[in-house]
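Student: Hi, could you walk me through this one? I'd like to look at it piece by piece.

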Amino acid sequence: MDQPATAFSATPLDDIRDRIAKSAAIAGRPAQDVTLIAISKTHPSEAIVPLIAQGQRVFGENRVQEAQAKWPALIEATPDVQLHLVGQLQSNKAADAVALFDCIHSLDRLSLVTALGKAMEKEGRQVPCFVQVNIGAEEQKGGCAIDEVPALLAEAHAAQVPVLGLMCVPPAEVEAAPYFALLAKIAADHGLAGLSMGMSGDFETAVLLGATHVRVGSALFGARE
Ligand SMILES: *Cc1c(COP(=O)(O)O)cnc(C)c1O
(Lines give C-alpha, C1' and ligand atoms only; values in the text may rest on other atoms or scores of the structure.)
Protein backbone atom coordinates (compact mmCIF):
# COMPACT_ATOMS: atom_id res chain seq x y z
CA MET A 1 0.00 0.00 0.00
CA ASP A 2 1.67 3.19 -1.17
CA GLN A 3 0.74 6.19 0.84
CA PRO A 4 2.45 9.57 0.79
CA ALA A 5 3.61 9.25 4.36
CA THR A 6 4.25 12.90 5.12
CA ALA A 7 2.32 14.74 2.43
CA PHE A 8 0.31 16.31 5.24
CA SER A 9 2.22 16.92 8.40
CA ALA A 10 0.71 14.36 10.71
CA THR A 11 1.44 14.81 14.40
CA PRO A 12 3.55 12.23 16.24
CA LEU A 13 0.32 11.05 17.89
CA ASP A 14 -1.32 10.44 14.49
CA ASP A 15 1.77 8.61 13.36
CA ILE A 16 1.92 6.31 16.41
CA ARG A 17 -1.79 5.56 16.22
CA ASP A 18 -1.44 4.75 12.55
CA ARG A 19 1.49 2.41 13.18
CA ILE A 20 -0.38 0.64 15.99
CA ALA A 21 -3.39 0.18 13.70
CA LYS A 22 -1.22 -1.24 10.90
CA SER A 23 0.55 -3.69 13.22
CA ALA A 24 -2.76 -4.75 14.74
CA ALA A 25 -4.19 -5.33 11.25
CA ILE A 26 -1.22 -7.52 10.30
CA ALA A 27 -1.78 -9.54 13.47
CA GLY A 28 -5.50 -9.82 12.72
CA ARG A 29 -6.39 -7.89 15.86
CA PRO A 30 -8.76 -4.93 16.26
CA ALA A 31 -6.71 -1.75 16.83
CA GLN A 32 -9.02 -0.91 19.76
CA ASP A 33 -7.57 -3.88 21.62
CA VAL A 34 -4.34 -1.92 22.00
CA THR A 35 -4.23 0.95 24.50
CA LEU A 36 -1.62 3.60 23.77
CA ILE A 37 -0.17 4.94 27.01
CA ALA A 38 1.59 8.26 26.45
CA ILE A 39 4.54 8.23 28.86
CA SER A 40 4.90 11.85 29.92
CA LYS A 41 7.60 11.48 32.59
CA THR A 42 9.98 14.47 32.79
CA HIS A 43 7.74 16.50 30.45
CA PRO A 44 5.84 19.53 31.78
CA SER A 45 2.09 20.05 31.58
CA GLU A 46 2.59 22.36 28.59
CA ALA A 47 3.80 19.37 26.59
CA ILE A 48 0.91 17.18 27.77
CA VAL A 49 -2.01 19.55 27.12
CA PRO A 50 -1.67 19.45 23.30
CA LEU A 51 -1.92 15.65 23.35
CA ILE A 52 -5.06 15.83 25.50
CA ALA A 53 -6.44 18.34 22.99
CA GLN A 54 -5.80 15.79 20.22
CA GLY A 55 -7.88 13.24 22.08
CA GLN A 56 -5.21 11.22 23.88
CA ARG A 57 -6.66 10.10 27.21
CA VAL A 58 -4.25 7.55 28.70
CA PHE A 59 -0.96 8.73 30.15
CA GLY A 60 1.84 7.19 32.16
CA GLU A 61 4.34 8.44 34.71
CA ASN A 62 7.16 6.63 36.50
CA ARG A 63 7.40 8.64 39.72
CA VAL A 64 4.61 9.13 42.24
CA GLN A 65 5.86 12.53 43.39
CA GLU A 66 6.26 13.94 39.89
CA ALA A 67 2.77 12.72 39.01
CA GLN A 68 1.31 14.27 42.16
CA ALA A 69 2.79 17.61 41.15
CA LYS A 70 1.61 17.52 37.53
CA TRP A 71 -1.60 15.56 37.24
CA PRO A 72 -4.29 16.73 39.68
CA ALA A 73 -4.75 19.98 37.71
CA LEU A 74 -4.75 18.16 34.37
CA ILE A 75 -7.29 15.62 35.64
CA GLU A 76 -9.49 18.37 36.98
CA ALA A 77 -9.53 19.99 33.54
CA THR A 78 -10.17 16.64 31.76
CA PRO A 79 -11.77 14.20 34.19
CA ASP A 80 -11.79 11.26 31.76
CA VAL A 81 -8.00 11.23 31.55
CA GLN A 82 -6.50 7.98 32.88
CA LEU A 83 -3.15 7.88 34.63
CA HIS A 84 -0.95 4.77 34.75
CA LEU A 85 2.12 4.19 36.92
CA VAL A 86 4.93 2.49 35.02
CA GLY A 87 7.82 2.95 37.44
CA GLN A 88 9.06 1.15 40.51
CA LEU A 89 6.81 1.68 43.51
CA GLN A 90 8.01 1.81 47.10
CA SER A 91 5.62 0.17 49.55
CA ASN A 92 5.42 3.35 51.63
CA LYS A 93 4.00 5.16 48.57
CA ALA A 94 1.35 2.52 47.88
CA ALA A 95 -1.48 4.59 49.35
CA ASP A 96 -0.49 7.67 47.34
CA ALA A 97 -0.31 5.56 44.20
CA VAL A 98 -3.72 3.99 44.80
CA ALA A 99 -5.24 7.42 45.36
CA LEU A 100 -3.88 8.94 42.13
CA PHE A 101 -3.36 6.21 39.52
CA ASP A 102 -5.91 4.23 37.51
CA CYS A 103 -3.53 1.36 36.80
CA ILE A 104 -0.18 0.18 38.21
CA HIS A 105 2.26 -1.64 35.91
CA SER A 106 5.01 -2.38 38.44
CA LEU A 107 3.68 -4.99 40.86
CA ASP A 108 6.90 -6.92 41.37
CA ARG A 109 7.13 -8.37 44.88
CA LEU A 110 5.07 -9.91 47.66
CA SER A 111 5.56 -7.00 50.09
CA LEU A 112 4.11 -4.62 47.49
CA VAL A 113 1.09 -6.88 46.97
CA THR A 114 0.44 -6.63 50.70
CA ALA A 115 0.89 -2.85 50.77
CA LEU A 116 -1.35 -2.33 47.74
CA GLY A 117 -4.01 -4.66 49.09
CA LYS A 118 -4.17 -2.68 52.31
CA ALA A 119 -4.12 0.67 50.50
CA MET A 120 -6.94 -0.36 48.15
CA GLU A 121 -9.08 -1.55 51.02
CA LYS A 122 -8.46 1.66 52.96
CA GLU A 123 -9.10 3.95 49.97
CA GLY A 124 -12.09 1.88 48.89
CA ARG A 125 -10.64 1.88 45.40
CA GLN A 126 -9.62 -1.12 43.29
CA VAL A 127 -6.70 -0.26 41.02
CA PRO A 128 -5.94 -2.84 38.33
CA CYS A 129 -2.30 -3.93 38.19
CA PHE A 130 0.19 -5.63 35.92
CA VAL A 131 2.80 -7.95 37.40
CA GLN A 132 6.17 -6.72 36.13
CA VAL A 133 8.41 -9.59 35.06
CA ASN A 134 12.19 -9.35 34.74
CA ILE A 135 11.91 -11.14 31.43
CA GLY A 136 15.61 -11.06 30.54
CA ALA A 137 16.73 -12.07 34.07
CA GLU A 138 18.88 -8.93 34.24
CA GLU A 139 20.46 -8.22 37.58
CA GLN A 140 19.90 -4.45 37.56
CA LYS A 141 16.32 -4.58 36.20
CA GLY A 142 13.07 -4.27 38.09
CA GLY A 143 10.42 -6.94 37.98
CA CYS A 144 10.01 -10.34 39.59
CA ALA A 145 11.81 -13.44 38.36
CA ILE A 146 9.84 -15.62 35.96
CA ASP A 147 9.61 -18.43 38.52
CA GLU A 148 8.14 -16.04 41.10
CA VAL A 149 5.14 -15.17 38.91
CA PRO A 150 2.82 -17.95 40.18
CA ALA A 151 3.36 -17.04 43.86
CA LEU A 152 2.84 -13.32 43.17
CA LEU A 153 -0.39 -14.01 41.28
CA ALA A 154 -1.67 -16.25 44.07
CA GLU A 155 -0.84 -13.63 46.68
CA ALA A 156 -2.49 -10.85 44.64
CA HIS A 157 -5.60 -12.99 44.33
CA ALA A 158 -5.64 -13.60 48.08
CA ALA A 159 -5.14 -9.89 48.83
CA GLN A 160 -7.88 -8.92 46.32
CA VAL A 161 -5.45 -6.93 44.20
CA PRO A 162 -6.83 -7.14 40.66
CA VAL A 163 -4.26 -8.28 38.09
CA LEU A 164 -4.89 -7.52 34.40
CA GLY A 165 -1.78 -9.21 33.09
CA LEU A 166 1.99 -9.05 32.81
CA MET A 167 4.38 -6.21 32.00
CA CYS A 168 8.01 -6.24 30.89
CA VAL A 169 10.90 -4.07 29.78
CA PRO A 170 13.13 -6.37 27.71
CA PRO A 171 16.93 -6.08 27.64
CA ALA A 172 18.21 -3.07 25.70
CA GLU A 173 20.21 -3.36 22.48
CA VAL A 174 18.92 -6.78 21.49
CA GLU A 175 15.89 -7.93 19.50
CA ALA A 176 12.86 -7.64 21.79
CA ALA A 177 10.57 -10.09 19.98
CA PRO A 178 11.66 -13.28 21.80
CA TYR A 179 11.10 -11.57 25.16
CA PHE A 180 7.67 -10.32 24.14
CA ALA A 181 6.75 -13.81 22.94
CA LEU A 182 7.93 -15.31 26.23
CA LEU A 183 5.91 -12.81 28.28
CA ALA A 184 2.85 -13.59 26.14
CA LYS A 185 3.31 -17.31 26.77
CA ILE A 186 3.64 -16.88 30.54
CA ALA A 187 0.51 -14.69 30.56
CA ALA A 188 -1.44 -17.26 28.52
CA ASP A 189 -0.29 -20.06 30.84
CA HIS A 190 -1.92 -18.15 33.70
CA GLY A 191 -5.05 -17.16 31.80
CA LEU A 192 -4.12 -13.47 31.85
CA ALA A 193 -5.34 -11.32 28.96
CA GLY A 194 -3.30 -8.16 29.53
CA LEU A 195 0.18 -7.60 28.10
CA SER A 196 1.93 -4.31 28.83
CA MET A 197 4.90 -4.35 26.48
CA GLY A 198 6.48 -2.21 23.78
CA MET A 199 8.05 1.25 23.99
CA SER A 200 9.05 3.85 21.38
CA GLY A 201 11.58 1.58 19.67
CA ASP A 202 9.61 -1.64 19.56
CA PHE A 203 5.89 -1.08 20.05
CA GLU A 204 5.01 -2.38 16.59
CA THR A 205 6.74 -5.70 17.32
CA ALA A 206 4.94 -5.80 20.67
CA VAL A 207 1.55 -5.29 18.99
CA LEU A 208 2.33 -8.08 16.53
CA LEU A 209 3.02 -10.35 19.51
CA GLY A 210 -0.12 -9.50 21.43
CA ALA A 211 0.51 -6.31 23.44
CA THR A 212 -2.70 -4.86 24.87
CA HIS A 213 -0.90 -1.81 26.32
CA VAL A 214 2.05 -0.07 24.69
CA ARG A 215 4.02 2.54 26.64
CA VAL A 216 5.34 5.21 24.29
CA GLY A 217 7.30 8.22 25.54
CA SER A 218 10.04 9.71 23.39
CA ALA A 219 8.35 8.96 20.06
CA LEU A 220 5.47 11.19 21.21
CA PHE A 221 7.19 13.87 23.28
CA GLY A 222 10.71 13.92 21.88
CA ALA A 223 13.86 12.87 23.70
CA ARG A 224 14.09 13.30 27.47
CA GLU A 225 16.92 15.28 29.07
C1 LIG B 1 10.14 5.71 30.14
C2 LIG B 1 9.41 4.43 30.02
C3 LIG B 1 8.74 4.08 28.83
C4 LIG B 1 8.77 4.94 27.59
O5 LIG B 1 10.02 4.83 26.96
P6 LIG B 1 10.28 5.46 25.51
O7 LIG B 1 11.44 4.69 25.02
O8 LIG B 1 10.57 6.90 25.73
O9 LIG B 1 9.07 5.24 24.69
C10 LIG B 1 8.03 2.89 28.82
N11 LIG B 1 8.00 2.08 29.89
C12 LIG B 1 8.63 2.37 31.04
C13 LIG B 1 8.55 1.42 32.17
C14 LIG B 1 9.36 3.55 31.13
O15 LIG B 1 10.00 3.84 32.28
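**Rings, helices and loops**

Student: Let's start with F59: buried or exposed?

Tutor: F59 is buried, as its relative accessible area is 0%. Buried here stands for under 20% relative accessible area, exposed for over 50% and partly exposed for what lies in between, with a 1.4 Å probe and protein chains only. Bear in mind that this is a predicted model, where local features need pLDDT of at least 70 and side-chain atom pairs count only at pLDDT 80 or more, while totals for chains, interfaces and linings use all residues. Residues are numbered from 1 along each chain as its sequence is written, and side-chain values use heavy atoms, leaving out hydrogens and water.

Student: Good to know. How many aromatic pairs does the count come to?

Tutor: Rings of Phe, Tyr and Trp (its six-membered ring) pair if their centres lie within 6.5 Å; planes under 30 degrees apart make a stacked pair, over 60 an edge-to-face one, and the rest are tilted. By this rule there is one aromatic pair. Its rings belong to F59 and W71, with centres 5.1 Å apart and planes at 45 degrees, so the pair is tilted.

Student: Which parts of the chain does the pair link?

Tutor: Distant ones: F59 is in strand β2 (residues 58–61) and W71 in helix α3 (residues 64–77), 12 residues apart. Helices (H or I, at least four residues) and strands (E, at least two) are DSSP runs, numbered from the N terminus. W71 counts as buried too, at 0% relative accessibility.

Student: And what does α3 meet in α2?

Tutor: K70, W71 and L74 in α3 meet S45, I48, V49 and I52 in α2. By class, this contact has five nonpolar, one polar and one charged residues. Ala, Val, Leu, Ile, Met, Phe, Trp, Tyr, Cys and Pro count as nonpolar, Asp, Glu, Lys and Arg as charged, and the others, Gly among them, as polar. Contact means heavy atoms within 4.5 Å.

Student: At what angle do α2 and α3 pack?

Tutor: The angle is about 35 degrees, and the axes of α2 and α3 are 11 Å apart. Axes are lines fitted to C-alpha atoms, for helices over the stretch in contact, and angles run from 0 to 180 degrees between N-to-C directions. The crossing of α2 past α3 is right-handed. A crossing gets that name if the near helix is turned clockwise from the far one by less than a right angle, and is left-handed if anticlockwise.

Student: Back to K70. Buried or exposed, that one?

Tutor: K70 counts as buried, at 11% relative accessibility. Leaving aside neighbours within four places in sequence, K70 is in contact with S40, K41, T42, H43, S45, I48 and E61.

Student: What does UniProt say about K41?

Tutor: An unreviewed UniProt entry places "modified residue: N6-(pyridoxal phosphate)lysine" at K41. UniProt positions follow the numbering used here, feature names are shortened, and annotations may be inferred rather than shown by experiment. K41 lies in the loop between β1 (35–39) and α2 (45–53). Beyond neighbours within four places in sequence, K41 is in contact with G60, E61, N62, E66, K70 and R224.

Student: Which residues does the domain annotation cover?

Tutor: The annotation "domain: Alanine racemase N-terminal", again from an unreviewed UniProt entry, covers residues 13–224. Over residues 13–224 the chain is 43% helix and 16% strand, with the end C-alpha atoms 17 Å apart.

Student: Switching to backbone angles, what is phi of Q160 near?

Tutor: Phi of Q160 is near 60 degrees, a positive value in a residue other than glycine. Most residues other than glycine have a negative phi. Q160 sits in the loop between α6 (149–158) and β6 (163–167) and is exposed, with a relative accessible area of 63%.

Student: And E173, what is its phi?

Tutor: E173 has a positive phi of about 70 degrees, although it is not a glycine. E173 is in the loop between β6 and α7 (177–189) and counts as exposed, at 81% relative accessibility.

Student: Last one: where does A27 lie?

Tutor: A27 lies in the loop between α1 (12–26) and β1. At 32% relative accessibility, A27 counts as partly exposed. Apart from neighbours within four places in sequence, A27 is in contact with V207 and L208.
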